[in-house]
Amino acid sequence: MTASEVDRILIKLCDMIVKGQRTNPEKYGLVAACVVDPNGDIVAKTSLKQGDKWVHAEHNAIEAYCNKHGDVPQDSIIITTLSPCNETHDKTAKQRVGVSCTDIINKLGIKKVYCGYVDPTQDNEHNQFKCHETNDAKLKKLCKTISDIFL
């Protein structure tokens, strides 16, 4: 997948966030992610509020992919507006449903993740994948602006 193809998907993910915020900001979160499989099938979701916690966008996209297509192939990629969370004992962990997005991606064996903005509050000590941040300055700024609302 080329950088321009990834950036086009990132723009669509940002549009999903904006639409969700306009529709129901209490339900739809400020991160969107998708699974892109080797056949080019794309399943995208935003983070969603569940009770008083958040189901992260990567979780939602992976679950939706599995419901539609079955297991996620290892050579799939994840594209997300904000790099995957990986903390287990911080504020993020207490506010989310389930394990970290990094743990899920590691478990699936996915090796490539693309993001609009790398979260400076998270470390990447146990990533088993390479996280590539967009080189498009405007898109990175947009993803950062959205993320700064809650980071």
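Ile-149, Phe-150 and Leu-151 make up a nonpolar surface patch, with about 290 Å² of accessible area together. Patch members have over 30% relative accessible area and no salt bridge, and nonpolar side chains (Val, Leu, Ile, Met, Phe, Trp, Tyr) are joined within 5 Å. A salt bridge puts a side-chain nitrogen of Lys or Arg within 4 Å of a carboxyl oxygen of Asp or Glu. Areas come from the Shrake-Rupley method with a 1.4 Å probe. Phe-150 sits in the segment after helix 5 (137–148).

The model is predicted: local features need pLDDT of at least 70, side-chain atom pairs count only at pLDDT 80 or more, and totals for chains, interfaces and linings use all residues. Residues are numbered from 1 along each chain, and side-chain values use heavy atoms, without hydrogens and water.

The whole structure holds zero disulfides (cysteine sulfur pairs within 2.5 Å). For Cys-14, the nearest cysteine sulfur is that of Cys-143, 3.7 Å away.

Accessibility classes are buried (under 20% relative accessible area), exposed (over 50%) and partly exposed in between.

| Residue | Relative accessibility | Class |
|---|---|---|
| Cys-14 | 2% | buried |
| Cys-66 | 30% | partly exposed |
| Phe-150 | 38% | partly exposed |

Helix 4 (residues 101–108) buries Cys-101, Thr-102, Ile-104, Ile-105 and Asn-106. Their cover includes helix 2 (57–69), strand 4 (77–80) and strand 5 (112–115). Contact means heavy atoms within 4.5 Å. Helices (H or I, at least four residues) and strands (E, at least two) are DSSP runs, numbered from the N terminus. Gly-109 follows helix 4, with a positive phi near 80 degrees.

Methods: Buried means under 20% relative accessible area, exposed over 50%, partly exposed in between (1.4 Å probe, protein chains only). Patches are made of residues with over 30% relative accessible area and no salt bridge: like charges are joined within 9 Å, nonpolar side chains (Val, Leu, Ile, Met, Phe, Trp, Tyr) within 5 Å.
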